[in-house]
Amino acid sequence: MNRRSFISTGAQLSVLSAFPAASLAPSPSIDPLYNSKEIATILPKKLNKGDTVGLIAPGYSLSSKALENAISNVQAMGFKPYHTSRIKGRDGYFSNTDKLRAADVEEMFLDPQVDGIICARGGYGCTRILDLINYDYIAQNPKVLVGFSDITALANTIHRKTGLVTFHGPVATTLENTYNRDNLYRIITQPKELFTIKSEHYTPEVVQSDDTFEQYVINPGVITAPLLGGNLSLLSAMCGTQYDLDYTGKLVFIEDIEEDPYRIDRMFTQLLSAPTFKHAAGIVLGVFKGCNEPKRVSFTLKEVILDRIKPLNIPSIYGFSIGHIDHNLTLPIGINATLNTDTFSIELLQRAIQD
C-alpha cells in the first residue's frame with residue numbers, strides 16, 4: 001500500500017466542551033530544536049483488557065468501512081474503542097479541518113474516560129496540526145499513543161515537546177493479524193518486562209519474489225542509544241523545520257514504501273545534509289517495499305542505501321520488520337535500546353510504560 005494513499009461504537013458526545021476554550025488555540029511557538037533543553041522522560045500508564053482506547057485520524061480521511069475495521073481490530077485486542085464525530089468530518093482529503101483534528105488529539109488526552117490512543121490510520125496531514133496542539137495538555141495527561149506512517153510527525157513531536165514515550169507501531173486499520181496485535185499488546189500492557197524485539201526472518205522464497213525483503217548488515221556492531229525515527233518521507237519533510245529531530249547519539253529506525261530509488265537517495269541526502277543525522281549512533285532500516293521498481297535507468301535500492309548509509313560507519317541494518325508491511329513490529333520512541341546487528345534484534349533496556 002502506497003504511503004501517499006495509506007488511507008486504507010458510533011460517535012459519542014464530545015467532551016471537549018468541558019475543557020478550556022484554549023484547547024482550540026495554538027500553543028506557543030516552539031524554539032528551534034537544536035537550542036532546546038532536555039525534557040524529562042514521561043512514561044504513559046499501561047493499558048489493561050477492557051480499557052477504553054480512543055481512535056483518531058489526525059491526517060487523511062478514512063471510509064466508514066475502514067473505521068468499522070479499525071473498531072473491530074481494537075476490540076479483538078480486548079479494548080473498548082471510542083471515537084468522536086470529528087473522525088468522520090471529512091474536509092477535502094483530510095478527516096476534518098486542521099483545527100478540529102488538533103482538537104480531537106487534545107480531547108483524547110484530556111478525557112479521563114480514555115485510557116490510551118491508537119491512530120485509526122496514517123495518511124498526510126499531521127504536519128499541518130503540529131502548531132495547533134497544546135502540548136501542556138498532553139504532558140499533564142500522559143497516555144499511550146500508537147501509530148506510524150504520517151503519524152511519525154505527531155509521535156516524535158509529542159515526545160520532544162513533552163518527554164512522553166510514544167509508540168511507532170500499527171494503526172488500528174492494520175491490526176488485522178495476530179502478529180501485529182500481539183507485539184503491540186505486550187509492549188503497552190506489560191510494564192515489568194524488558195523485551196528483545198527480533199525481526200521476522202524472510203525466507204529465500206520471499207526474497208526471490210520481492211528483493212526489498214532481503215535482510216543484510218550495512219555496518220556490523222552493537223550500539224546502545226535512545227530510539228527515535230519513523231517514515232523517511234516525513235523525517236525528510238520535517239528536516240530544517242522547528243519540528244526537525246535531533247539524531248545526535250540516537251538509534252534511528254526508518255521505513256518507507258513505493259518510492260523510486262532516486263527519491264530514497266534524495267531524502268537520505270537531505271537528512272545527511274542536515275546538522276545532526278550524520279551524528280546518529282546506529283540505524284535500523286525497515287523493509288522498503290515497492291522501492292526497487294524504478295521506471296527509468298537507475299541504481300538499485302540496495303546500492304542507494306549502501307552508498308548513503310555505509311559511509312557513516314555506525315552499526316546499521318536493513319530489513320527489520322517495521323513499516324508498511326503486513327507484519328509491523330512496535331518500537332517505543334524515547335527508550336534506551338541496544339541494536340545487535342548479528343542477531344538482527346533490538347533489546348529494550350528501559351520500561352516504556354508504567355503501572
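In this predicted model, the charged end of K49 sits over the ring of Y185, at 4.8 Å from the ring centre.

Y216 and Y318 form a stacked pair, with 5.0 Å from centre to centre and 20° between the planes. This pair links distant parts of the chain, as Y216 belongs to strand β7 (residues 216-219) and Y318 to strand β11 (residues 316-320), 102 residues apart. Both Y216 and Y318 are buried. Y318 forms a tilted pair with F288, at 5.9 Å centre to centre and 45° between the planes. F288 lies in the loop between β10 (282-286) and α9 (301-309) and Y318 in strand β11, so the pair ties together parts that are 30 residues apart in sequence. The relative accessible area of F288 is 0%, and the relative accessibility of Y318 is 1%. Elsewhere, ring pairs join Y60, Y93, F94 and Y124 into a cluster.

Two aspartates round out the picture. D51, in the segment before β1 (52-56), is buried yet has no salt bridge, the nearest side chain of opposite charge being K45, 7.1 Å away. A polar atom of the D51 side chain does lie 2.7 Å from the backbone nitrogen of N48. Beyond its neighbours within four places in sequence, D51 contacts K46, F79, K80 and D115. D265, in helix α8 (residues 261-273), counts as partly exposed because its relative accessibility is 24%. Leaving aside neighbours within four places in sequence, D265 touches V304 and R308.

Conventions. Residues are numbered from 1 along each chain as its sequence is written. This is a predicted model: local features need pLDDT of at least 70, side-chain atom pairs count only at pLDDT 80 or more; totals for chains, interfaces and linings use all residues. Side-chain values use heavy atoms; hydrogens and water are left out. Helices (H or I, at least four residues) and strands (E, at least two) are DSSP runs, numbered from the N terminus. Buried means under 20% relative accessible area, exposed over 50%, partly exposed in between (1.4 Å probe, protein chains only). Lys and Arg count as positive and Asp and Glu as negative; His and the chain ends are not counted. A salt bridge is a side-chain nitrogen of Lys or Arg within 4 Å of a carboxyl oxygen of Asp or Glu. A polar contact is a pair of N or O atoms within 3.5 Å; within protein, one must be able to donate a hydrogen and the other to accept it, and residues adjacent in sequence count only if both atoms are side-chain atoms. Contact means heavy atoms within 4.5 Å. Rings of Phe, Tyr and Trp (its six-membered ring) pair if their centres lie within 6.5 Å; planes under 30 degrees apart count as stacked, over 60 as edge-to-face and the rest as tilted. A charge sits over a ring if NZ of Lys or CZ of Arg is within 6 Å of the ring centre and within 35 degrees of the ring normal.
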